[in-house]
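User: I am new to this structure and would like to learn how to read its features. Please guide me through a few of them.

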Amino acid sequence: MIKNYIKIAWRNLTRNKFYSLINIGGLAIGMTVSFMLLLYVYNEFSFDKFNVNSDRLYRVLINRLSNNDTDTGTPTPVQLGPIIEKDIPEIEKTARASASYDVLFNYRDKGIKLKMMAADESLLDMFSFDFIYGNRRNAFANVSSIVLTQTAAKALFGNVDPLGKVIKFDNKYPLKVSAVIKDNPQNSSFTFKVLISWQTYTVQQQWIKTSAWGNYNFDTYAMLKPSASLASVNAKLKNIIAHYDPDNKANQAFLYPFTRYHLYSTFKNGVNAGGDIEYVQLFMWLGVGILLIACINFMNLSTARSERRAREVGVRKAIGARRFALIYQFMSESVIMAFFALLVSLLLMVVLLPVFNNTINIQLRFPYSNIYAWLAVLGVTLLTGLIAGSYPALFLSSFNPVKVLKGQFEAGKATIKPRHVLVIIQFTFTTCLILSSIFIYKQISYIKNRPVGYNQNNLIELPVEGKLLNQFESFRQDALNSGAVTDGAITSGTMANINGATWNVIWPGQLPGEDKLPIDQMVVTYHFTSTYGLTIAQGRDFDKAYPSDSSAVILNEAAVKMMRLKEPLGQLVKWQGKLRTVVGVVKNFVWGSPYEPVKPAIIGFMKEWIDNIGLRLNPKMPVSKSLSILQAIYKKYNPDYPFEYKFIDERFDKKFKTEKLLGTMSVGFTCLAIVVSCLGLFGLALFSAEQRKKEISIRKVLGASISSLWFNMSGQFIQLVLAAFLIGSAISWYYINQWLGKYTYHTPLSMWVFGVTLLASLMLCLIAVSFQAVKAALTSPVKNLKSE
């Protein structure tokens with residue numbers, strides 16, 4: 001019997017090649033999109049869960065009081081890790097880690113910049129690293145040891161065994177390769193290519209040894225004992241900072257699951273408020289939705305061809321076939337089609353997955369060797385076939401054999417209503433996608449066009465490396481004399497991101513407790529405001545003509561407002577343990593999140609902590625020529641380091657990474673949803689044309705024009721699209737309003753967007769149904785009425 005069903009299914013596929021192609025193609029597109037999105041969702045949900053001890057690993061987070069609110073962050077004092085391991089018996093191990101940053105490594109005449117991280121040796125015991133050369137026990141046997149990832153080892157040494165080889169760190173410190181590990185998985189929070197021990201790091205960064213408790217610079221990780229209670233540990237952690245650092249007793253530490261932080265990293269007033277999980281869930285439902293409208297498209301096209309199967313159903317029922325057997329047959333056909341669609345989908349994935357990877361900047365791979373992945377794929381395919389075939393099977397098996405064998409096939413109005421509902425569902429989903437995509441791009445454009453408070457044009461930044469710090473003034477003067485730049489300055493970090501914050505700042509008229517408020521800070525020397533194009537509201541920039549500027553600060557307007565300084569110039573502010581004179585006030589500039597109000601900031605004069613160079617390129621000279629001249633000057637002062645620069649506007653643009661990803665994916669999948677939805681409309685138009693062919697012929701005989709027949713047939717579809725638009729608009733209005741409400745600055749809910757979406761929907765509707773409407777109107781009445 002099953003063999004017979006397969007034969008019949010194959011004959012129907014080959015007999016109606018065009019419709020089979022549309023059916024299988026629509027399902028294949030839906031399945032491809034669904035599988036790619038599910039791959040992405042799986043990658044996000046599995047983040048950091050590959051670690052053997054993942055259920056016992058935690059990040060140490062800090063809650064800090066800030067402007068009547070509580071800020072939650074990962075930076076911790078350097079002393080915290082060893083202290084909590086000693087004081088809290090439930091904690092088995094802790095590890096401190098620096099941020100990952102690019103460092104120059106040299107081997108013989110080869111110099112390569114690699115992302116490096118420093119960490120306690122215990123990190124290797126807490127987290128899972130696969131050793132290719134060496135072992136965990138001897139990885140940090142002495143202070144000169146260094147661990148490389150497989151990629152870093154190949155970049156430096158090729159295919160040669162790297163163990164024991166000596167490389168130079170930052171062109172100064174010789175380190176010996178003690179181990180090589182496999183590259184960190186892409187779904188890992190660790191992105192380093194080189195790992196050095198904390199002992200090695202503190203030898204090179206002497207300031208860490210004397211770092212005060214108030215210096216929050218490093219990440220701290222903890223691993224609990226198997227029987228430990230998280231609630232109990234957090235109760236003990238709550239006041240540990242107050243005990244060891246009374247000056248910052250308001251700060252509270254707590255443990256947060258390491259595997260959870262990737263998706264749930266947003267905190268409001270000290271309480272978790274979600275995070276990227278919202279976007280991951282959105283993409284998951286997007287995949288389900290597109291697969292669903294592909295199934296609806298399958299239903300519409302299958303039932304549109306129902307008259308061609310009516311006599312077959314009549315004959316089968318006349319010779320004794322039960323309805324269940326017919327349902328089983330038609331369901332079998334849809335499942336077979338779904339598996340054909342699966343084969344097409346796998347081919348499409350081979351082609352489209354690299355494109356998708358480039359779009360989301362994640363290297364997803366289909367787990368071909370994972371049996372559970374294949375079971376999931378087969379399960380989704382089977383479920384798709386059953387859902388897609390359910391309505392056609394029930395519909396086709398319901399035909400009355402007496403009527404269909406007499407040629408009296410009339411589905412009537414009742415059968416059209418479920419199909420109308422399906423089309424409305426399709427276009428409601430598509431309307432939501434179109435509106436969401438437009439508003440996402442409107443929001444990004446709105447924020448990007450918001451004034452940032454400084455001039456980003458022709459502004460580049462370089463890291464301070466090698467001899468460049470001590471010779472910066474000579475480098476700057478040569479660059480100015482060459483005409484390649486118009487100004488240059490050195491700072492503690494990029495203008496694209498906040499460098500750090502400080503507290504224990506004292507100012508005149510301060511209220512009790514305000515010294516605990518964190519204030520963003522940047523360290524600079526001369527020429528800062530002129531290089532970056534900040535607007536001075538009061539006073540001046542730091543100037544060599546004023547020797548006292550070595551103990552001066554500049555405030556932004558937000559800081560002046562917070563300090564309630566009516567006449568800020570000349571006021572004494574205690575910053576970094578010293579009284580400093582306010583010599584200038586700059587207008588607010590966007591330094592942190594562009595979606596939030598500008599926070600108070602102090603710009604202090606200091607020749608320490610310098611890590612960044614800002615250069616304003618000459619707008620009268622081609623950029624390529626300016627960069628070529630700068631490279632030659634750079635090599636003159638820093639021959640051992642590569643000339644690497646970043647345009648500030650490109651760095652700033654990364655702040656919109658999540659929204660841009662959301663927008664790009666929404667647009668791409670919206671286009672696919674439109675294609676599949678239009679196929680569904682095409683199917684309904686075909687169904688309607690078959691059902692109304694005699695009516696259309698009679699109207700034509702009575703003198704109806706082709707245009708009036710076209711309008712008569714298209715009218716019902718326009719009504720469906722209008723109904724879908726009204727439902728989709730209401731849903732979109734609610735959720736988009738909620739999404740925009742998360743941002744302090746956001747684009748308005750413009751009515752023209754809804755108008756454009758309505759026009760686009762109507763245009764798509766008319767394009768999809770016009771072919772069948774015109775074809776039905778042009779058909780000769782004799783052909784349809786000859787049996788009457």
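User: How do strands β5 and β9 pair, parallel or antiparallel?

Analyst: Two strands count as paired if DSSP finds at least two bridges between them. Here strand β5 (residues 101–107) pairs with β9 over two bridges in the antiparallel sense, and Asn-106 faces Lys-168 of β9. The model is predicted: local features need pLDDT of at least 70 and side-chain atom pairs pLDDT 80 or more, while totals for chains, interfaces and linings use all residues. Residues are numbered from 1 along each chain as its sequence is written, and side-chain values use heavy atoms, without hydrogens and water.

User: Which strand is joined to β9 by four bridges?

Analyst: That is strand β10 (residues 173–181), which runs antiparallel to β9. Val-166 has Lys-176 in β10 as its bridge partner. The two strands form a hairpin with three residues between them, and Asp-170 in the turn has a positive phi of about 55°. Strand β9 (residues 166–169) has Ile-167 and Phe-169 on its covered face, and Val-166 and Lys-168 on the uncovered one.

User: At what angle do the axes of helices α22 and α23 cross?

Analyst: Axes are lines fitted to C-alpha atoms, for helices over the stretch in contact, and angles run from 0 to 180 degrees between N-to-C directions. The axes of α22 (residues 706–740) and α23 (residues 751–778) cross at roughly 150° and come within 8 Å. That makes α22 roughly antiparallel to α23, a term for angles over 145 degrees. The residues of their contact comprise 22 nonpolar, five polar and no charged. Ala, Val, Leu, Ile, Met, Phe, Trp, Tyr, Cys and Pro count as nonpolar, Asp, Glu, Lys and Arg as charged, and the others, Gly among them, as polar.

User: How many salt bridges are there, and which residue pairs with Lys-113?

Analyst: A salt bridge is a side-chain nitrogen of Lys or Arg within 4 Å of a carboxyl oxygen of Asp or Glu. The count comes to 19. Lys-113 pairs with Glu-644, their closest N and O atoms being 3.2 Å apart. Lys-113 lies in strand β6 (residues 110–119) and Glu-644 in the loop between α18 (623–637) and β26 (646–647), so the pair ties together parts 531 residues apart in sequence.

User: Is Lys-113 buried or exposed?

Analyst: Buried means under 20% relative accessible area, exposed over 50%, and partly exposed in between (1.4 Å probe, protein chains only). Lys-113 counts as buried at 16%, whereas Glu-644 is partly exposed at 33%.

Definitions and conventions
Angles under 35 degrees count as roughly parallel, over 145 as roughly antiparallel, 65 to 115 as roughly perpendicular and the rest as oblique.
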